[in-house]
Amino acid sequence: MSGRRPGGDRIYGVFGNQLPAALRKLPFDRHLSLQNVRKVDSEADGYQPHLIAPDQGCRRLVDSSLNYFRGPAEASVDAVHIILKELLRRSIGETEELKRFPTLQAEIAAAANEALQRLREEGKKTTLRLVDMESSYLTVDFFRKLPQEEHKGGNPTVSTTDRYSEGHFARIVSHVSSDVRMVSDSLRNAIPKAVVHCQVKPAKQSLLDHFYLQVGKKEGKELAQLLDEDPVLMERRQQCAKRLELYKSARDDIDCVSWAR
């Protein structure tokens, strides 16, 4: 997961290729078309537009637009989760020491996968919270700029008829599109940071912490079950241990004879 190793390259690929591509494919051209903006704005105003806050249509457009970012955010979390699971599987499989203890190997694999799943859930909560934060608060400047654009180069008095002209809706499209682009640029950097903080970094540093705590609570019998060594390997190990004891005993006997002379 570090540097230019295969796992790290794949994670960088999610952030550098997959996420930007997903953001570019979001259907903002259709969602922010003049026809849809007119529809959303009219629905927000209702039958008596002069009695309704004029910013309601813009607010609905921004909310519905930013909701599209939830898909790429979740997809980034899922993609990194798959990479981490594959790295975990390969790492456990390539650890020769664990092959002697199949029960322990299976327990570690299960505990690590459960930990990755928890990290995945935390990653989704955090990235979706970033998206929700963008839509939950629109600055005063956002609504202040739209009337200013309405009045640029013309009469500051905008009639109800002018408000529902094609030029009015085109200005809304331009204004909302500009805000959506800024949010997209911000999330393109923020989502990878959240994923690394919630998934990649804990996977490197503390993936098995919970497992270690559980092992520490086990009794001797349970620990012995974890160390249920493969019978063939255990037999070979025991034979090697016996031979080693014989060699040590023979060496001691030779030393005793040498000193006696």
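pLDDT is the predictor's confidence in each residue, on a scale from 0 to 100. I start there, as this is a predicted model: local features need pLDDT of at least 70, side-chain atom pairs count only at pLDDT 80 or more, and totals for chains, interfaces and linings use all residues. Residues are numbered from 1 along each chain as its sequence is written, and side-chain values use heavy atoms, with hydrogens and water left out.

**Entry 1: confidence**

I looked up the average first: the protein has a mean pLDDT of 80, and 77% of the residues score at least 70.

**Entry 2: two helices**

Next I checked helix lengths against the expected span, which is 1.5 Å times one less than the number of residues. Helix 5 has 25 residues and should span 36 Å; its end C-alpha atoms are 37 Å apart, which agrees. Helix 7 (residues 102-136) has 35 residues and should span 51 Å, and its ends are 50 Å apart, which agrees as well.

I then listed buried residues (under 20% relative accessible area; exposed is over 50%, partly exposed in between; 1.4 Å probe, protein chains only). In helix 5 they include Pro 72, Val 77, His 81 and Ile 92. In helix 7, Leu 104, Gly 123, Thr 126 and Val 131 are among them.

**Entry 3: aromatic rings**

How many aromatic pairs does the structure hold? I found three. Rings of Phe, Tyr and Trp (its six-membered ring) pair if their centres lie within 6.5 Å; planes under 30 degrees apart are stacked, over 60 edge-to-face, the rest tilted. Phe 28 and Phe 69 have ring centres 5.5 Å apart and planes at 50 degrees, so I logged the pair as tilted. Phe 28 sits in helix 2 (residues 28-31) and Phe 69 in the loop between helix 4 (56-66) and helix 5 (70-94), so the pair ties together parts 41 residues apart in sequence. Phe 28 is buried at 14% relative accessibility, and Phe 69 is buried at 0%.

Phe 211 and Tyr 212 also pair up, with centres 6.3 Å apart and planes at 55 degrees, so this pair is tilted. Phe 211 is buried at 10%, whereas Tyr 212 is exposed at 52%.

Definitions and conventions: Helices (H or I, at least four residues) and strands (E, at least two) are DSSP runs, numbered from the N terminus.
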